[in-house]
Amino acid sequence: LYQLYQIITKQQHADITEPFLVSNSEFDTISPNKNTGMWVFVSALEQIERLCSYSSFYTGLSSQQNLEFICKIGLKREEMSRRLSLIQRRFNLTSSQIQRSDMN
């Protein structure tokens with residue numbers, strides 16, 4: 001799964017010419033619309049977030065960048081929004097403060 005994430009990140013697109021199963025079965029009910037590559041990428045990224053830690057409480061700020069990306073794309077599910085919200089509340093940050101703290 002992480003290898004898929006790295007390949008898509010490096011190549012800046014997902015190769016969808018080969019048959020595949022989406023890495024997160026919950027995406028079976030989410031339409032990819034016209035951007036299937038992004039749908040595959042967000043599915044993998046969301047599954048990585050879910051598998052890396054039971055809760056974003058335990059990740060500190062390390063998950064914030066991925067969670068913000070997931071929420072910005074528009075394919076987000078409620079669980080990812082809750083995870084991001086937990087990080088923001090735990091560290092008393094807004095979205096813009098989280099982005100600035102990542103730059104330091």
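**Close-up views of a predicted model**

**View 1. Helix 2 meets helix 3 (residues 64–73), with axes that come within 10 Å and cross at roughly 140 degrees.** This is a predicted model, as are the other views here. Helix 2 counts as oblique to helix 3, because an angle has to be over 145 degrees to pass as roughly antiparallel. The crossing of the two helices is left-handed. On the helix 2 side, the contact is made by Met38, Phe41, Val42, Leu45, Glu46 and Glu49. Helix 3 brings Asn66, Leu67, Phe69, Ile70 and Ile73 to that contact. Sort these residues by class and you get eight nonpolar, one polar and two charged.

**View 2. Serine 63 sits in the loop between helix 2 and helix 3.** Is serine 63 buried or exposed? With a relative accessibility of 6%, serine 63 is buried, since anything under 20% falls in that class. Setting aside neighbours within four places in sequence, serine 63 is in contact with Glu49 and Ile87.

**View 3. Phenylalanine 91 is in the loop between helix 4 and helix 5.** Its relative accessible area is 32%, so phenylalanine 91 is partly exposed. Which residues does phenylalanine 91 touch, leaving aside its neighbours within four places in sequence? They are Gly60 and Leu61. Take the pair of phenylalanine 91 and glycine 60: 31 residues apart in sequence, they are 8.5 Å apart in space, going C-alpha to C-alpha.

**View 4. Asparagine 92 has a positive phi of about 50 degrees, although it is not a glycine.**

View 5. Where does glutamine 12 lie? You'll find it in the loop between helix 1 (2–11) and helix 2 (36–52). Glutamine 12 has a relative accessible area of 67%, so it counts as exposed.

Terms used:
Residues are numbered from 1 along each chain as its sequence is written. This is a predicted model: local features need pLDDT of at least 70, side-chain atom pairs count only at pLDDT 80 or more; totals for chains, interfaces and linings use all residues. Side-chain values use heavy atoms; hydrogens and water are left out. Helices (H or I, at least four residues) and strands (E, at least two) are DSSP runs, numbered from the N terminus. Buried means under 20% relative accessible area, exposed over 50%, partly exposed in between (1.4 Å probe, protein chains only). Axes are lines fitted to C-alpha atoms, for helices over the stretch in contact, and angles run from 0 to 180 degrees between N-to-C directions. Angles under 35 degrees count as roughly parallel, over 145 as roughly antiparallel, 65 to 115 as roughly perpendicular and the rest as oblique. A crossing is left-handed if the near helix is turned anticlockwise from the far one by less than a right angle, and right-handed if clockwise. Contact means heavy atoms within 4.5 Å. Ala, Val, Leu, Ile, Met, Phe, Trp, Tyr, Cys and Pro count as nonpolar, Asp, Glu, Lys and Arg as charged, and the others, Gly among them, as polar.
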